[in-house]
Amino acid sequence: MFVARRMKKSIVTAAPSASLFEAQRLMREHTIRQIPVVSEDGTLLGIVSDRDIRAAVLPAGLVPGFTTGEAEKFMKSTPVDRAMTRKVVTATLTDTLEDAIVLLHDFRVNALPVVDVVGKLAGIITRTDVMEAFIDALGVGEVSSRLEVVVPDRPGTLAQLAAIIGSFRVNITSVLSIRHVEIGKRANFFRVATLNVGPIRKAIEEAGFQILDPSKFLLP
């Protein structure tokens, strides 16, 4: 999955000369928390968030006698480029969603502007967009069941499990394989297109594989 397929292409942007008041109005109107700041030719210059605006207003608000009206006047007279973040964490059109997840996690940001090869804004992808993409990919919204199977970490085991599930004429809608806590083993997570997983579960266990039981994770 690529960022370019899941990003929002209709983007609310602000010019660097726009006021903080206007940026805040746009955020409220579109129910968003950050706005990319772009030049006239669409080059990404920065990003301004609701947090940036609060941080800009806060010092003035500490002045005794600073009223709500004065705060509004301050925001209307302060351009966005005085409050925006200039070192923006971005994604590119060729990045994968896995790349985007790492960036969102490591830099603790809620959204990534997506830029093309010359630095022009092409879209924006948020944490919510990424989560929705993975929900779709995992088939969580479909009528299905989940099986968690621990297998030896060796070639061929995934194919064995797929063959067992296939023998019941049931489709596998998604599969995820990760390292298990026990060295030398992997945990495979299957989502299968049936609610009747009892016979499949039994066949997998009879083949010598371990089905993970969530109840065993509970402390005594």
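Lys-76 sits over the face of Phe-21 in this predicted model, at 4.7 Å from the centre of the ring. A charge counts as lying over a ring if NZ of Lys is within 6 Å of the ring centre and within 35 degrees of the ring normal. Pairs between aromatic rings are another matter: with centres required to lie within 6.5 Å, the count is zero.

Helix α2 spans residues 20–30, and its buried residues are Leu-20, Ala-23, Leu-26 and Met-27. These residues lie on the same side of α2 because they cover an arc of only 120° around the axis. Exposed Arg-28 and Glu-29 are carried on the face of α2 turned away from the buried side. After α2 comes Thr-31, which has a positive phi, near 50°.

The largest pocket holds about 380 Å³ of space. Its lining consists of 19 residues, and those nearest the pocket centre are Gln-34, Ser-49, Arg-108, Val-109 and Asn-110. Strand β2 (44–49), helix α3 and strand β4 (111–115) are the elements that each give two or more residues to this lining. The largest contribution, four residues, comes from α3.

Helix α3 is also where confidence in the protein chain is lowest, whereas strand β3 has the highest value. The table sets these two elements beside the chain average.

| Part of the model | Residues | Mean pLDDT |
|---|---|---|
| Helix α3 | 50–61 | 82 |
| Strand β3 | 91–92 | 96 |
| Protein chain | whole chain | 89 |

In the protein chain, 93% of the residues score at least 70.

Technical notes
Residues are numbered from 1 along each chain as its sequence is written. This is a predicted model: local features need pLDDT of at least 70, side-chain atom pairs count only at pLDDT 80 or more; totals for chains, interfaces and linings use all residues. Side-chain values use heavy atoms; hydrogens and water are left out. Buried means under 20% relative accessible area, exposed over 50%, partly exposed in between (1.4 Å probe, protein chains only). The arc is that of the directions from the helix axis to the C-beta atoms. pLDDT is the predictor's confidence in each residue, from 0 to 100. Rings of Phe, Tyr and Trp (its six-membered ring) pair if their centres lie within 6.5 Å; planes under 30 degrees apart count as stacked, over 60 as edge-to-face and the rest as tilted. On a 1 Å grid over the protein atoms alone, a cavity is a set of points where a 1.4 Å probe fits but cannot get out, and a pocket is an open set with protein on both sides within 12 Å along at least five of seven lines; lining residues have an atom within 4 Å of a point. Grid points are joined across faces, edges and corners, and a volume is the space filled by probe spheres set on the points.
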